[in-house]
Amino acid sequence: MPPSVLILSIGGLSGHFRLGPLAGFFQKLRARYDSFLVPPAPWVSKDFSLELDWEDAAPGLETPEARVEGGAVHVRRWDFEARLEDGRGRGRCRPDVYSFDSFLRVLWSVYLAKNGGALVHAAGVRVGNSAVLFPGMSEAGKTTLARKVEDREAVLSDEITPVRRDAEGRWLAYHSPFWGEFGSGPGSLRAYPLAAVAFPVKTPELRVAPLSPADASQRLLGTILCFEQGPAAARAQLEIAARLATEVPAFEAGTRLDTPAAALFERLPNAAPHRTPGEREVISELRAQLKSRGRCAIVSTGGSMRPAVRSGDTLFIQATPEVAVGDVVAYWRPGETPEGDKLLCHRLMAPRNERGRFLTKGDTLSRFETFVDGAEGELLGKVVALSRKGKTRALTGGVVKALASLAVAPVVHLREALR
Amino acid sequence: MNVQRVEGLPFQKLGEQVLVVVPKTREVHLLNETASRLWDLLERPSTVPALLDTLSAEYELDAGAEADLKEILAEMAAKGLIA
């Protein structure tokens, strides 16, 4: 059985895993982390890359350990171990989803710290187009708060939320594959500017009190995941916490068990400066919508499918693995960088071959395109209907029912949906 | 007797306060304004009389200042911040 490849994107950092063969386990991992996968095309840039074998390691080490010296990273626990040099290396992990999940937490705690970010013991909640972070250890009320949020899809995590400072100096919070008792949420690769950090406490009445950067830093330090020992790691953590606490307003958020989440959000800043999501983020959100609702809509740009599809048309996409020659299929073609990702809607020219390879073409283009589903690209669905100037028509036969059910699909605007 | 910051402790000044991390115990200490000023002064070895001299030029100290200073220094030493 050939090795299997995953690219996981968490907190805006991409980890590439070439996994040893183990029947059925790869599919299990793909299903568990599907919202955080990037099509593992060989040209996609990675922040780190690991070859991973499945076996137990270092029996006896109960607490995870991480050592970082320059470009060398060594992480281990009784059930996993990995060594990387300048972002490339080998490792082994017990073939168990909980071991792999812990392994990911330790890896990302190291690599986020190297990139100005952190995994924080925190509930993360999207409020509008921003996020609020609620840090706290066990029993602080993170899951209770998450359960009170009316829109389940607005919960980024109830347990561990990745945050990172981007190149423009904005703090961003991300969806997380790491959940507590809440279970899990839909997830995507979308990042949200942080509007506030609010430490939940139990109080007799709703109370929101601002915190000094020093006070907020001290509290944050208790909630940042860090498995490295020593002064250098402590210094790095302190810098991250101090920066976050200085640059994002921080509060103590006192609530009762019956305080509605909305009442709390009204008392907190919930609008960070606007940020336009990147291509990869938007496409991953579309994938999440297709997964949760089975359908979505996008506004097309470009002219590769004229006259059937024109720029400005609304395309209704249905999630389905069943596509036939002649269908207009929607697929994710990753770029070398996230900004190079494309959502393409082109016509299927030949049936999928035994290796999962598709052959597509834009109606006005002279060249064919191919991709292997699950490797060089990801099939998201097919375009079943199109709306232009208020009139909707099917692109495939017998879809009157689909048109009715797609009428309320959320519309996602993509800058370069078609080319 | 000289006192000084324990060498190598990560710290961050935030406004009038200082956060100090003791990696060995993984404790994080938030120093108030007075302790933060002492932290500044203890970048180099100093003595209680010298510290009192400096502080009396910056603050109005009362008769109990020496005892208070020794108490703060003892607390900082107990937390592993100075030696």
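How many strands form the open sheet of chain A, and in what order do they lie? The legends below take up this question first and then turn to other parts of the model, which is a predicted one.

**View 1. The open sheet of chain A.** In this predicted model, seven strands of chain A form an open sheet in the order 1-2-3-7-6-5-4, and their pairing is mixed. The edges of this sheet are strand 1 (4-10) and strand 4 (65-69) of chain A, each of which pairs on one side only. On average, and with direction ignored, neighbouring strands of the sheet are turned by 15° against each other.

**View 2. Strand 3 beside strand 7 in chain A.** Within the sheet of chain A, strand 3 pairs with strand 7 (residues 88-93) in the parallel sense, and the pairing runs over six bridges.

**View 3. A salt bridge between distant parts of chain A.** The side chains of A:D34 and A:K291 meet in a salt bridge, with a distance of 3.0 Å from N to O. This pair links distant parts of the chain, since A:D34 lies in the loop between helix 1 (25-32) and strand 3 (48-54) of chain A, while A:K291 belongs to helix 7 (residues 279-293) of chain A, 257 residues apart. Over all chains, the structure holds 38 salt bridges.

**View 4. The open sheet of chain B.** Chain B has an open sheet of three strands in the order 1-2-3, and here the pairing is antiparallel. Its edge strands are strand 1 (11-14) and strand 3 (27-31) of chain B, each pairing on one side only, and the twist from one strand to the next averages 15°. Strand 1 of chain B pairs with strand 2 (residues 17-22) of chain B in the antiparallel sense over four bridges, and B:L14 stands opposite B:Q17 in strand 2 of chain B.

**View 5. Where chain A meets chain B.** Helix 5 (residues 231-247) of chain A lies across strand 1 and strand 2 of chain B, and the helix runs at about 15° to strand 1 of chain B. The contact as a whole takes 18 residues from chain A and 14 residues from chain B.

**View 6. The make-up of the interface.** The size of an interface is often given as the accessible area lost when the parts come together. Between chain B and chain A the buried area is about 1200 Å², of which carbon and sulfur atoms give 66%. Strand 1, strand 2 and strand 3 of chain B each supply at least two residues of the side that touches chain A, and the residues on this side of chain B divide into nine nonpolar, four polar and one charged. Across the interface of chain B and chain A there are four residue pairs in polar contact, both residues being at pLDDT 80 or more, whereas the count of salt bridges between chain B and chain A is zero.

Definitions and conventions:
Residues numbered from 1 in each chain as written. Chains lettered and ligands numbered in written order. Predicted model: local features only at pLDDT ≥ 70, side-chain atom pairs only at ≥ 80, totals over all residues. Heavy atoms only, no water. Pairing = 2+ DSSP bridges. Axes fitted to C-alpha atoms, helices over the stretch in contact; angles between N-to-C directions. Contact = heavy atoms within 4.5 Å. Buried area = accessible area lost by both parts, 1.4 Å probe. Salt bridge = Lys/Arg side-chain N within 4 Å of Asp/Glu carboxyl O. Polar contact = N/O pair within 3.5 Å; in protein donor to acceptor, adjacent residues only side chain to side chain. Nonpolar A, V, L, I, M, F, W, Y, C, P; charged D, E, K, R; others polar.
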